[in-house]
Amino acid sequence: MNFKQLLVSALCFLFLSSFSACGDQSKSLFTDLQLLAPFLSEAESRALSDSDPDVFHALAEHLGSDRLIQISSEFLGLVFADSAIATENRKALLSFYQRVTSTLADFNYCPEFQAELDFFMGLEPAEAQRIIQTAQEQEEVFASPDYTPGERLERMIEIHDELVASGYALAVSESWENRGTLATRVGQPELAREMYTSRLAHARQWKLRTSRCGALASLIMQGFLEGNTDSTGVLLERGLALARESRLGAQTGRLLALTGYLEFSLGHYSSAVRFFEDGIAACRNYGSPAKGLAYLGTLMRMYAVMESWALVDQISLRAEILMTEAQETESSEFSTNLQFIRLEEIKARSLMARGQVDEAHAAYDFLWDQILTQPFEEASFFANFWIMGLLDHHRPELAADALSRAEPYARDAGIRHMLVRLPFWKARTCFQQGRIDSAVVHLDRFAAEGLGLVQWTPDLQIPYFALRVRLLAETDPQSAAETLTKGLVALGARLTDNDAGAGAFLDLSRARGLRWASHDLFGSDPGVGYGLELMWRRYLGVMGEQTEKTSAPFTSSDPSIVAEARLITARAMDRLDRSKAVHLLFQVREPWVVRWTVGNGTVKRDTLSNSVSDLRKSVGVALRAMSTDPGDPDAVIEPRLTALLGELAHQLLPDFLLDSHSQEKPSLLFISGESFLSQIPFAPLNVGREQEYVPLAARVDLSWVRNPDVPPVPVPGEVGLLIASPNIDPVLTRRYRSLGSLAGAGPEIAAVQNIYPGELLTGPNATKNAVTSSWSKASLIYFLGHVIHNPEVPFLTTIPLTPPNGPHLPNEAALDIANIRTADLSRCRLAVLSGCGSGAPFADGVITAPSLGDAFLDAGAGAALLTFWRIRDENPLFQPEEVVQLWKEEGLSLPEALSEVRRDALNGPNGIRHPFGWGAWSLKVGGLSD
């Protein structure tokens with residue numbers, strides 16, 4: 001039995017106990033009410049029948065306004081619309097109805113329902129029935145699948161005029177809302193905003209608090225759709241104040257979820273999750289847990305965007321519990337059916353993502369007829385996930401079957417969102433079936449009819465170019481090269497126009513078709529292939545720049561992809577030769593890993609002998625062993641880990657790095673990994689012979705490089721910003737038990753102050769506003785504190801800071817990746833992130849996400865000193881402040897300073913220490929420079 005059931009049972013017991021002392025009249029009222037109003041629970045019937053108003057008020061506080069509004073609506077239909085009820089029974093029901101509306105008005109600040117009752121009390125019975133039937137028809141028309149979108153909107157306007165003439169204020173308000181929703185669905189955003197604005201004005205005029213909340217929420221959503229979020233904060237603040245005061249669980253949840261949408265759209269995924277969870281909790285706390293199902297579904301869809309299917313599956317179990325409750329308590333069958341379909345669709349998508357393609361196809365096929373009963377164009381999004389999922393898994397025969405179901409519906413219903421996508425779905429299906437001529441015809445049609453409709457097909461523009469290149473590759477290589485160039489430029493424009501958060505990374509990851517096409521066409525030449533990889537990493541520097549136009553990844557106005565790649569390679573080789581450095585660049589492409597070794601005047605390209613799956617397993621085993629604290633700081637590395645790191649070194653490193661006598665050994669080694677090869681530090685790899693452990697860091701200076709084609713441009717000046725030990729929000733400390741006090745923070749930050757004086761933000765002063773107000777002026781940013789990341793989900797890495805005084809929202813007390821990447825940190829020469837896992841990116845799936853250190857580099861910082869796993873808070877072996885001291889006071893380069901401190905740390909009294917204490921730290925620079 002859950003908490004709610006226990007509470008209701010306790011309330012029932014109290015009410016039953018109170019009735020044992022009541023007279024026969026109360027018992028009779030209770031019996032009559034149960035017969036007349038079967039929609040009431042036993043506890044609700046007993047409370048309403050009690051002569052003491054406080055009894056019902058106590059239950060009403062638990063139920064929340066949403067349930068009371070449902071009860072009021074049921075009474076309205078019985079008292080004024082059901083002509084079969086006897087007069088005496090009608091009078092009895094009316095008295096109960098009055099108690100509900102007075103409670104809504106006096107205790108929950110929803111006077112409109114008392115006004116609704118008063119309105120109908122002043123009408124003749126026949127007139128009341130007519131108006132209620134008109135209002136009911138409005139809901140039927142809105143939910144019926146028997147209308148085209150245009151017909152539905154036309155009939156809704158007619159009903160609206162009838163309701164306005166009748167003076168039924170609440171139904172008129174709902175009519176404005178429904179018309180706005182329909183206008184959005186048929187692609188008329190201006191009309192939708194007009195409808196929602198009219199509803200808000202009408203709600204203010206008639207003092208309709210619930211309608212004001214709904215109108216404010218709809219205006220916020222409309223702002224998202226239009227790309228206008230300037231007034232969102234004000235609207236949200238007003239709406240939340242009203243909804244919370246009136247205990248409106250669904251409206252409070254919706255407003256919080258809408259703020260989550262905004263955070264999600266801005267790339268602030270970590271705070272988006274918290275807003276969604278707060279919205280779900282609001283529904284529960286205000287007595288409407290089933291209303292939270294919609295927001296739980298939204299949370300699932302967000303995790304699906306990030307391809308975090310394990311979490312989707314976990315949440316689906318919560319959703320199924322709420323679905324059962326919604327089916328038992330919700331008065332709207334339409335609403336619960338819609339939520340059921342959405343829940344089942346996301347479960348089918350999860351099956352597809354896990355490779356259970358036949359099971360997913362069967363689930364989608366089963367749901368298709370049900371989706372067509374919904375008034376919204378759910379079928380459009382449903383079909384897109386169905387067909388594209390099948391094609392992603394190279395099942396064109398199943399995609400053709402799905403198309404045969406989707407196309408007739410799209411044409412009959414005139415759903416433009418689907419009609420413009422159909423040619424692309426067909427082109428991709430034909431291509432996979434080997435019907436090249438048909439694929440070309442369909443793709444030409446998509447280019448002519450759909451490609452320019454950005455509002456309908458933004459996600460298909462880059463896949464269009466990738467497919468076009470593939471179709472041209474064998475028949476017209478010159479045109480294929482020109483199309484590839486256009487696609488790469490279009491991708492640059494899309495990323496530039498995007499935000500600086502997760503959305504751009506998701507777009508880049510899903511555009512990998514262009515990346516592989518460029519290598520398949522031109523990458524067999526090692527020099528060109530290396531340049532193509534560096535071109536691809538240029539995109540990291542243009543994401544979210546919001547410039548009017550970009551030609552990225554090209555630097556010339558008349559780009560040639562091969563010429564550009566060769567130019568990039570030549571520049572990189574020149575920098576490497578001047579630094580006496582070598583660059584190892586890894587490309588992970590199933591089923592193999594490709595390695596470029598660049599330096600000493602040569603470019604070599606090798607395919608590693610171990611498959612991606614085998615390497616992934618080896619890296620995972622080694623990483624778990626290295627990141628496990630051995631307990632004793634002086635513990636030496638064990639033989640098993642020595643062997644693991646030796647095997648990895650031989651799999652990943654070129655021979656000259658394994659040979660201590662090699663003349664090719666560089667003074668500086670740059671590393672660029674991706675996917676799982678960006679999760680493991682290379683410093684502890686074993687380059688010794690047989691049973692000997694010689695870490696790579698003992699032979700060469702190492703530095704990771706984020707964007708090899710962009711040399712860092714140092715800005716002169718010495719201004720430090722030191723952030724230490726924020727007072728973390730108690731909500732976070734309860735959720736993450738590891739966020740305790742930092743025992744060694746005091747001595748470390750004091751040492752940094754002596755080396756590099758600057759502004760110190762600590763404890764209550766380490767707020768988000770204080771940090772973001774100062775960091776653009778800093779040449780050194782030194783953060784000493786906790787880092788939060790979810791190893792199962794990308795983009796949820798955050799730096800928790802001190803929250804502002806008083807009530808605050810989740811996004812006001814933390815820095816996430818998007819916050820950092822939108823900053824101008826071009827004056828920052830070094831960012832030290834002395835927190836657990838500050839340099840660990842998410843790279844466990846198709847979607848990859850940057851680490852916090854990557855975000856600082858993308859924002860313009862020249863270098864970042866960061867960690868790959870949890871580090872000791874007290875008496876650590878490696879002390880990052882010593883790196884700062886050697887760099888600033890002794891003039892060592894950052895790789896040299898890091899190496900010196902690390903080599904001191906790795907040598908213990910009993911031999912080379914276990915890498916847990918010293919191997920976590922790495923340096924990452926923005927470009928190829930020492």
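Buried here means under 20% relative accessible area. By that cut-off, Ala439, His442, Leu443 and Phe446 of helix 23 are buried. The model is predicted. Its secondary structure comes to 39 helices and 15 strands. With a radius of gyration of 32 Å, close to the 30 Å that the globule rule gives for 930 residues, the protein is as compact as a globular protein of that length.

**Overall dimensions and contacts**

- Taken along the principal axes, the C-alpha atoms fill a box of roughly 105 × 70 × 50 Å.
- Of the 930 residues, 57% count as buried.
- Contacts between residues at least 6 apart in sequence were also sorted by separation, and 71% of them join residues at least 24 apart.

**Helix 23**

- Helix 23 covers residues 436-449.
- Ala439, His442, Leu443 and Phe446 form its buried set. Seen down the helix axis, the buried residues fall within an arc of 100°, so they line one face of helix 23.
- An α-helix has 3.6 residues a turn, so residues three or four places apart point the same way.
- Asp437, Val441 and Ala448 are exposed on the other side of helix 23.
- The cover over the buried residues of helix 23 includes helix 22 (422-433) and helix 24 (461-472).

**Helices 27 and 28**

- In helix 27 (residues 512-522), the buried residues are Leu514, Arg515, Trp516, Ala517, Ser518, His519 and Phe522.
- Glycine 527 sits in helix 28. Its relative accessible area is 16%, so glycine 527 counts as buried.
- Beyond its neighbours within four places in sequence, glycine 527 is in contact with Ala565, Thr569 and Val603.
- Glycine 527 and arginine 605 are 78 residues apart along the chain, yet their C-alpha atoms are separated by 8.5 Å.

- Strands of a sheet pair through backbone hydrogen bonds, either parallel or antiparallel.
- Strand 6 (residues 720-726) and strand 7 run parallel, joined by six bridges.
- Alanine 724 has threonine 762 in strand 7 as its bridge partner.

**Helix 38 and glutamate 881**

- Glutamate 881 belongs to helix 38, which covers residues 880-889.
- Glutamate 881 has 10% relative accessibility, so this residue counts as buried.
- Leaving out residues up to four places away in sequence, glutamate 881 touches Glu748, Ala751, Val752, Ile755 and Tyr782.

Methods
Residues numbered from 1 in each chain as written. Predicted model: local features only at pLDDT ≥ 70, side-chain atom pairs only at ≥ 80, totals over all residues. Heavy atoms only, no water. Helix = DSSP H or I, 4+ residues; strand = E, 2+ residues; numbered from the N terminus. Buried < 20%, exposed > 50% of the residue type's maximum accessible area, 1.4 Å probe, protein only. Contact = heavy atoms within 4.5 Å. Expected span 1.5 Å × (residues − 1). Arc of directions from axis to C-beta. Pairing = 2+ DSSP bridges. Rg over C-alpha atoms; globule rule 2.2 N^0.38 Å.
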